[in-house]
Amino acid sequence: MPLRVGIGYDIHRVQEGRRLVLGGVTFDSTWGLEGHSDADVLCHAIGDAVLGALALGDLGTHFPPGDPQWKDASSLQLLNRIRLLLKERIANVVNVDATLVAEEPRLGPHRDRMRANIAYALRVPVGLVSLKATTNETLDAIGGGRGIAAWAVAMVEVD
């Protein structure tokens, strides 16, 4: 069975007064991320990685930011829709490895729940979803707390 690999990247600016959602978990924060959907930068990077593995374009192709149906949409729902695109092509996610780049919040206490949310959306065992976090050591816009970024790699098996 052929294996395909995709890479995803996303970045969002911080926005005061918006809820912060990462990996489908809402954090207790006075700020969130700017975006059309829930701006879950982690799920967006994973979605792009999965789409990329099958050369299906990117998130913006499937969920255009100007389309009102995606306004404040849950990015976990977007991942589930991407999973359905794979199912149509008789393909499955083998594993996902993602890294969140942010000065805050600290992800440790939420990591297991985030992994479980992502695994559920993709319908894979939680052991196939790896989630890491790092900072930019106060360098650049992310290091200055003005944004959050995420990188992801996904392997997909095509029957």
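**Ground rules.** I counted residues from 1 along each chain as its sequence is written, and I left hydrogens and water out of side-chain values, which use heavy atoms. Because the model is predicted, local features need pLDDT of at least 70 and side-chain atom pairs count only at pLDDT 80 or more, while totals for chains, interfaces and linings use all residues.

**Entry: the sheet.** I looked up the strand order first. Five strands form an open sheet, E4-E1-E7-E5-E6, with mixed pairing. Strands (E, at least two residues) and helices (H or I, at least four) are DSSP runs numbered from the N terminus, and two strands pair if DSSP finds at least two bridges between them. Which strands stand at the edges? I found E4 (31-33) and E6 (129-134) there; each has a single partner strand, so one side of each lacks a neighbour in the sheet. On average, neighbouring strands are turned by 20 degrees against each other, direction ignored.

**Entry: the partners of E5.** I followed strand E5 (residues 91-101) on both sides. With E7 (residues 147-158) E5 runs antiparallel, joined by ten bridges. Along this pair, Val96 stands opposite Ala154, and Thr99 has Trp151 as its bridge partner. With E6 the pairing is parallel, over six bridges; there Leu100 is partnered by Ala133.

**Entry: the crossover.** I traced the path from E5 through H4 to E6 and noted a right-handed β-α-β unit. Right-handed means that, with the strands pointing away from the viewer, the path from the first strand over the helix to the second runs clockwise. Helix H4 (residues 111-122) lies across E5 and E6, at about 140 degrees to E6. Such angles run from 0 to 180 degrees between N-to-C directions of axes, which are lines fitted to C-alpha atoms, for helices over the stretch in contact (heavy atoms within 4.5 Å).

**Entry: the faces of H4.** Which residues of H4 are buried? I listed Met114, Ile118, Ala119, Ala121 and Leu122. They cover an arc of only 165 degrees around the axis, which puts them on the same side of H4; the arc is taken from the directions from the helix axis to the C-beta atoms. The face turned away from the buried side carries exposed Asp112 and Tyr120. Buried is under 20% relative accessible area and exposed over 50%, with partly exposed in between (1.4 Å probe, protein chains only). The buried residues of H4 pack against several elements, including helix H1 (41-53), helix H3 (75-88) and E5.

**Last entry.** Just after H4, I noted a positive phi of about 60 degrees at Arg123.
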